[in-house]
Amino acid sequence: MTEDLDALAKELDREHVFHSWSAQAGLDLPVIAGGSGTVVWDHAGRRMLDFSSQLVNVNIGHQHPAVVEAIRAQAAELATIGPATANLTRGRAAERILSHAPEGFTKVFFTNGGADAIENAIRMARLHTGRDTILSTYRSYHGNTGAAIVATGDWRRMPNQFARGHVHFFGPYLYRTEFWATTPEEECARALHHLERVIQSEGPATIAALLLESIPGTAGVIVPPPGYLAGVRALADKYGLLLILDEVMAGFGRTGRWFAFDGHDVVPDLITFAKGVNSGYVPVGGVIISAPIAATFDDRVFPGGLTYSGHPLAAASIVAALDAMQNEGIVENARRVGVDAIGPGLRALAEKHPLIGEVRGEGVFWALELVADRDTREPVGADVIGRLKKELVARGLLPFTADNRIHVVPPCVVTDAEVEQAMAIYDEALTSVEGDGH
């Protein structure tokens with residue numbers, strides 16, 4: 001009977017569900033019926049380690065009892081209410097979020113997810129400054145709505161360029177440097193010089209904001225070199241620009257800090273969030289707004305809103321998730337497990353497997369960049385990634401893949417034993433693919 005349920009799930013999916021970022025024919029997706037912590041399973045009970053955190057969002061792990069109970073209790077009391085009301089749970093969710101933000105942030109605008117958080121942050125920046133242009137990096141992903149997808153720097157932007165006023169620049173990425181750099185210090189200095197020249201060439205008086213992922217996630221978990229984000233802040237101040245930091249993927253524990261930028265001596269003007277704030281148990285995102293920008297709309301209408309802004313089920317899940325993360329030391333666990341288990345484990349794999357060109361990351365936010373040749377750094381093709389993904393799934397691990405990379409992104413609650421199990425699976429899968437001559 002359980003096998004029948006898995007077959008039915010696949011049949012209904014193939015017949016009726018249209019999947020994102022995919023050619024629909026030939027999709028063969030794993031069935032997930034349940035989960036707990038870092039483990040998920042299908043109807044037949046086949047268990048898999050979730051080292052994707054789904055879309056790098058299930059930071060607190062699957063089915064955390066406190067978050068599930070908070071949603072249940074809120075649904076019993078008040079399942080929904082419009083945004084043009086005051087609601088205690090919503091207010092408490094905003095208060096919890098602001099308690100982890102830098103000093104000087106006073107308001108939270110709730111959205112349905114990360115993409116519309118970016119949309120509204122861009123809107124706020126443009127209205128606050130009276131300028132139009134948004135600068136963002138080529139290696140970035142900010143979401144799949146109008147301005148968010150055009151701010152994105154990868155191929156998904158090309159068929160969707162219907163928004164105005166976007167200019168791209170190169171951020172730091174030493175492994176594939178655009179600046180002929182050989183050290184992190186050179187990469188930082190030259191990337192900042194490049195950005196300043198773009199600002200000057202576009203005209204500072206036309207630019208509303210710089211928009212960056214604190215750590216580019218989907219683009220490769222590209223941890224910025226020391227001093228880069230602080231240098232961007234200094235350029236924003238020099239030329240009178242706002243700085244929006246996108247923490248949708250990197251925020252709320254993913255890097256072993258509440259916000260990724262906490263480790264980079266920088267305070268932005270606007271912060272976007274989603275994903276890890278409640279681990280995706282109910283769709284939610286938002287913008288954390290600094291006092292000067294919030295004050296712009298004290299006596300001026302903000303022309304934006306959503307039916308489900310500050311939805312009470314989402315708000316309840318935020319309160320419960322952030323309280324549990326704080327009380328149970330979940331952010332600290334992410335930091336520790338990155339230092340003690342994931343980082344050393346991945347570096348040991350790189351010593352053994354020539355397919356691995358670089359290991360980078362922190363916390364529970366890592367990437368293996370795979371190359372056909374370590375000297376030329378030629379990326380492996382999609383066929384290699386496809387085979388490796390198949391081998392990982394067959395061995396009981398759900399991976400996150402992007403371009404020529406495997407992203408190692410388990411929930412923040414992952415244990416050392418689960419990391420050890422995952423490293424053995426990565427090792428076996430890499431060995432198998434390399435044995436095929438990749």
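Contact here means heavy atoms within 4.5 Å.

The model is predicted, so local features need pLDDT of at least 70, side-chain atom pairs count only at pLDDT 80 or more, and totals for chains, interfaces and linings use all residues. Residues are numbered from 1 along each chain as its sequence is written, and side-chain values use heavy atoms, with hydrogens and water left out.

1. Pro410 sits in the loop between E16 and helix H13 (416-435); helices (H or I, at least four residues) and strands (E, at least two) are DSSP runs, numbered from the N terminus. Pro410 has 0% relative accessibility and so counts as buried; buried means under 20% relative accessible area, exposed over 50%, and partly exposed in between, with a 1.4 Å probe and protein chains only. Apart from neighbours within four places in sequence, Pro410 is in contact with Asp50, Phe51, Ser53, Arg254, Ile342 and Val364. Between the C-alpha atoms of Pro410 and Gly146, which are 264 residues apart along the chain, the separation is 30 Å.

2. Ser53, one of the contacts of Pro410, lies in helix H2 (residues 53-56). Its relative accessibility is 0%, so Ser53 counts as buried. The phi of Ser53 is near 50°, a positive value in a residue other than glycine. Gln63 is another residue other than glycine with a positive phi, near 55°, and is found in the loop between H2 and helix H3 (65-77). As background, most residues other than glycine have a negative phi.

3. The four-stranded sheet. An open sheet of mixed pairing is formed by four strands in the order E1-E2-E3-E14. Strand E1 (34-36) and strand E14 (397-398) stand at the edges with a single partner strand each, so one side of each is left without a neighbour in the sheet. Two strands pair if DSSP finds at least two bridges between them. Strand E3 (residues 47-50) and E14 run parallel and are joined by two bridges. Across this pairing, Leu49 stands opposite Leu397 in E14.

4. Strand E12 and its partners. Seven of the nine residues of strand E12 (residues 365-373) are buried. Strand E11 (residues 356-362) pairs with E12 in the antiparallel sense over six bridges, and Glu358 has Glu369 in E12 as its bridge partner. E12 also pairs with strand E16 (residues 405-408), antiparallel and over four bridges; here Ala367 has His407 in E16 as its bridge partner.

5. Turns on either end of E12. The hairpin of E11 and E12 has two residues between the strands, and in it Gly363 takes a positive phi near 60°. The hairpin of E12 and E13 has four residues between the strands, with a positive phi of about 65° at Arg377 in the turn.

6. Thr272. This residue is found in strand E9 (residues 270-273). Thr272 is at 0% relative accessibility and therefore counts as buried. Leaving aside neighbours within four places in sequence, Thr272 is in contact with Ala117, Ile118, Ala121, Ile244, Leu245, Asp246, Glu247, Val248 and Gly286.

7. Overall fold. The protein has 13 helices and 16 strands. Its radius of gyration is 22 Å, close to the 22 Å that the globule rule gives for 438 residues, so the protein is as compact as a globular protein of that length. The radius is taken over C-alpha atoms, and the rule is 2.2 Å times the number of residues to the power 0.38. Taken along the principal axes, the C-alpha atoms fill a box of roughly 60 × 60 × 40 Å. Of contacts in the protein with a separation of 6 or more, 72% are between residues 24 or more positions apart.

8. Of the 438 residues, 55% count as buried. The protein exposes about 18600 Å², of which carbon and sulfur atoms supply 54%; accessible areas come from the Shrake-Rupley method with a 1.4 Å probe, and for residues only the protein chains shown count as cover. There are 37 positive and 53 negative side chains, and the centres of the two sets lie 3 Å apart. Lys and Arg count as positive and Asp and Glu as negative, while His and the chain ends are not counted. The place of a charge is taken as NZ of Lys, CZ of Arg, CG of Asp or CD of Glu.
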